[in-house]
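Me: I would like to go through the labels attached to this model one at a time, setting each value against the definition behind it. Please take the residues in turn.

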Amino acid sequence: MKVGDLVKVVQELGCHIPAKLTRDRGLGVITEIEERESLLHPVVGEINLGSSVIVALSYGPVERFHEKDIVRIYDHEGR
């Protein structure tokens with residue numbers, strides 16, 4: 001995933017594995033990717049939070065999503 005890629009956003013709701021509820025947020029373009037710092041828990045150890053992806057959705061809003069909610073459709077280099 002890179003800035004400028006066309007993506008589909010399917011947001012997972014709740015903390016169920018596998019996800020019981022999802023919300024199709026539609027198509028959008030990635031405008032920014034933010035790497036998050038890992039958390040350090042005294043018992044569990046390091047917890048990787050993944051990246052936040054900021055997407056300009058096709059119907060107007062710009063929102064932040066977790067990287068697992070993003071499916072790349074087409075990258076900005078035509079692949």
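Me: Why is Ile54 called buried?

Reply: Buried means under 20% relative accessible area, exposed over 50%, and partly exposed in between, with a 1.4 Å probe and protein chains only; Ile54 has 9% relative accessibility and therefore counts as buried. This is a predicted model, in which local features need pLDDT of at least 70 and side-chain atom pairs count only at pLDDT 80 or more, while totals for chains, interfaces and linings use all residues. Residues are numbered from 1 along each chain as its sequence is written, and side-chain values use heavy atoms, with hydrogens and water left out.

Me: What makes up the surroundings of Ile54?

Reply: Ile54 is placed in strand E5 (residues 51–57), strands being DSSP runs of at least two residues, numbered from the N terminus. Not counting residues up to four places away in sequence, Ile54 touches Val29, Ile30, Thr31, Glu32, Glu34, Val62, Glu63 and Arg64, where contact means heavy atoms within 4.5 Å. Of these, Glu34 is 20 residues apart from Ile54 along the chain, with 7.9 Å between the two C-alpha atoms.

Me: Which residues make up the largest nonpolar core, and what makes it a core?

Reply: A nonpolar core is a set of buried Ala, Val, Leu, Ile, Met, Phe, Trp, Tyr and Cys residues joined through side-chain atoms within 4.5 Å. The largest one has eight residues, namely Val7, Val9, Ile30, Val53, Val55, Leu57, Phe65 and Ile70. Strand E1 (6–13) and E5 each supply at least two of its residues, and E5 gives the most, with three. Core member Ile30 has contacts that include Val7, Val53 and Val55, as well as Ile54.

Me: Is Asp69 buried or exposed, and how do you know?

Reply: Asp69 has a relative accessible area of 5%, and because that is under the 20% limit, Asp69 is buried. Asp69 is placed in the loop between strand E6 (62–66) and strand E7 (70–74), and touches Lys8, Val9, Val10, Gln11 and Glu12, again leaving out residues up to four places away in sequence. A polar atom of the Asp69 side chain also lies 3.2 Å from the backbone nitrogen of Glu12.

Me: Why is Leu6 called partly exposed?

Reply: Leu6, placed in strand E1, has a relative accessible area of 31%, which falls between 20% and 50%, so Leu6 is partly exposed.

Methods:
Helices (H or I, at least four residues) and strands (E, at least two) are DSSP runs, numbered from the N terminus. A polar contact is a pair of N or O atoms within 3.5 Å; within protein, one must be able to donate a hydrogen and the other to accept it, and residues adjacent in sequence count only if both atoms are side-chain atoms.
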